[in-house]
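Here are a few exercises to work through with the model open beside you. Try each task before you read its solution.

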Amino acid sequence: MTIAAAPSLGAENPWLNAQRQFDNAADILNLSPGLRAVLREVRRELIVRFPVKLDGGGLRVFEGYRVQHNVTRGPAKGGIRFHPDTNLDEVKALAMWMTWKCALANIPFGGAKGGVVCDPATLSHRELERLTRRFASEISVLIGPESDIPAPDVNTSGEIMAWIMDTISMEAGYSVPAVVTGKPLDIGGSEGRPSATGRGVCIVALEACNRLGMEPHRTSVAVQGFGNVGSVAALLMHDAGFKICAVSDVHGGIYRDDGIEIHDLLEFRARTGGLAAFPRTEPVSNSALLELPVDLLVPAALENQITVRNAGRLQARVVVEAANGPTTPDADVILERRGITVVPDILANAGGVTVSYFEWVQDLQSLFWEEGEINHKLERILKKAFVQMCDHADAQRVSLRLGAYLVAVKRVADATAVRGIYP
Ligand code: NAD
């Protein structure tokens with residue numbers, strides 16, 4: 001079955017795209033109008049505007065968001081993004097995607113997301129800390145270990161999670177480690193969490209290759225975005241035998257058709273602060289990277305990278321969506337028509353939230369596990385979700401994205417139905 005292309009109006013609004021993806025699944029699941037109305041909107045959205053003291057003595061007001069899409073299967077869960085272009089619609093989409101991601105992995109969380117409109121590169125370390133702490137205080141009406149648990153996302157880190165944990169703990173009067181995940185180990189973080197999203201990307205890429213009869217050591221790869229997720233995915237995929245031919249960051253990328261040594265590149269970046277001028281590579285722009293002659297493409301940066309404008313020119317056989325929402329629904333239609341397999345974000349990057357779930361469980365129990373156990377449990381969960389996604393996609397003759405949505409949306413719909421509507 002092929003989903004018809006919709007008009008391109010608003011085609012790059014992530015929230016409209018997230019709703020459209022949900023509608024595709026709701027149609028096949030034949031969800032009742034009432035249930036559909038509940039699930040296609042967010043449950044709560046909080047907009048905050050708050051002042052931060054600048055180092056020079058002035059004040060600046062920032063805008064931030066915390067959105068909970070759904071909390072039916074458990075506390076809301078989702079990262080916090082610091083980015084100049086973030087906005088309420090983006091955060092709503094990211095929150096909805098978190099609901100489906102948690103449901104697909106079958107972990108007992110709902111979906112949430114947060115964001116602050118800011119460019120961290122223009123803030124000093126002390127300004128960033130004050131901004132984070134004030135934002136944490138502003139959204140403390142929503143977040144908590146039993147209600148809503150943030151984590152890192154674009155431009156946020158373990159250190160930023162530590163400031164949020166400390167702020168909430170100071171307001172409570174005691175330590176509340178389980179209020180955030182992705183924390184440093186010293187304050188209740190989990191082994192394996194910093195690498196979990198990238199590890200999940202690698203696990204899922206291997207499963208996809210297996211399904212398509214592709215051998216990793218004969219598979220060339222381009223990775224767009226070399227941050228927390230993209231750099232770990234590139235490293236682990238390199239170690240698993242894939243040939244990583246191109247990587248990029250916000251400033252642009254590098255390409256070498258017989259493969260880049262990722263361990264050396266990480267060492268080079270630590271020394272020079274960038275990817276440019278890495279020996280024996282040629283520069284490539286972020287848009288050109290997506291159209292390189294590689295077998296497997298890993299978008300690991302931001303939304304709307306694969307659109308109607310370039311979907312017809314992609315050369316990869318497989319796209320593994322490490323980023324959230326990198327492919328628009330219109331582009332999905334083109335890729336499906338061209339026989340390009342897309343492993344959807346809600347599975348491909350679910351490794352992060354899965355180990356975040358382990359971190360939260362460990363914090364609540366004050367009992368910590370070893371990394372081997374964590375990685376093993378992570379692999380089991382992702383492989384199981386991969387099989388369930390494929391089974392549904394194959395049974396309905398739809399894309400893997402729709403297969404994944406069928407599993408996830410049904411789980412949330414069933415949970416909603418069984419709980420009933422209050423009062
Ligand atoms: P990050 O801030 O660590 O890294 C982002 C990377 O993308 C950086 O290398 C940056 O230079 C690059 N980048 C930014 N804008 C770009 C652009 N326009 N073109 C190309 N590259 C660009 O963020 P991250 O945590 O690695 O997140 C990346 C993606 O993965 C996001 O979509 C995020 O929502 C998703 N994700 C992250 C996690 C996690 O655990 N951090 C979990 C699930 C999904």
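Domain bounds here come from an automatic or database domain assignment. Keep in mind that this is a predicted model.

**Exercise 1. Find which domains the assignment gives for the protein chain, and work out why the ligand lies between them.**

Step 1. The assignment gives domain 1 (2-8 + 42-186) and domain 2 (196-348).

Step 2. Place their C-alpha centres: those of domain 1 and domain 2 lie 26 Å apart.

Step 3. Now look at the shell around the ligand. Domain 1 and domain 2 both give residues to this shell, so the ligand lies between them.

**Exercise 2. Describe the residues that surround the ligand, and list polar atoms of the protein that lie by its oxygen atoms.**

Step 1. Start with the count: 22 residues surround the ligand, and the closest are Asp153, Thr197, Asn228, Val250 and Asn324.

Step 2. Go through the distances to ligand oxygen atoms. From aspartate 153, a polar side-chain atom lies 2.6 Å from one. With asparagine 228, a backbone N or O atom is 2.9 Å from a ligand oxygen, and for glycine 227 a backbone N or O atom is 3.2 Å from one.

Step 3. Finish with the cover: on its own the ligand has 830 Å² of accessible area, and the protein covers 86% of that.

**Exercise 3. Decide whether lysine 113 is buried or exposed, and find the partner of its side chain.**

Step 1. Locate lysine 113 in strand β5 (residues 110-116).

Step 2. Its relative accessibility is 3%, and buried means under 20%, so lysine 113 counts as buried.

Step 3. Check its neighbours. Beyond four places in sequence, lysine 113 touches residues including Tyr65, Val91, Met98, Asp153 and Asn324.

Step 4. Pick out the polar partner: the side chains of lysine 113 and aspartate 153 make a polar contact (3.2 Å).

**Exercise 4. Work out how many residues of helix α10 are buried, and what covers them.**

Step 1. Helix α10 (residues 329-337) has nine residues, and seven are buried.

Step 2. Name the buried ones: Pro329, Asp330, Ala331, Asp332, Val333, Ile334 and Leu335.

Step 3. Their cover includes α1 (14-29), β12 (318-320), β13 (341-343) and α14 (400-419).

Step 4. Follow the chain onward: after α10 comes glycine 339, with a positive phi near 75 degrees.

Terms used:
Residues numbered from 1 in each chain as written. Predicted model: local features only at pLDDT ≥ 70, side-chain atom pairs only at ≥ 80, totals over all residues. Heavy atoms only, no water. Helix = DSSP H or I, 4+ residues; strand = E, 2+ residues; numbered from the N terminus. Buried < 20%, exposed > 50% of the residue type's maximum accessible area, 1.4 Å probe, protein only. Polar contact = N/O pair within 3.5 Å; in protein donor to acceptor, adjacent residues only side chain to side chain. Contact = heavy atoms within 4.5 Å. Near = heavy atom within 4 Å. Areas by Shrake-Rupley, 256 points an atom, 1.4 Å probe, with all protein chains shown as cover.
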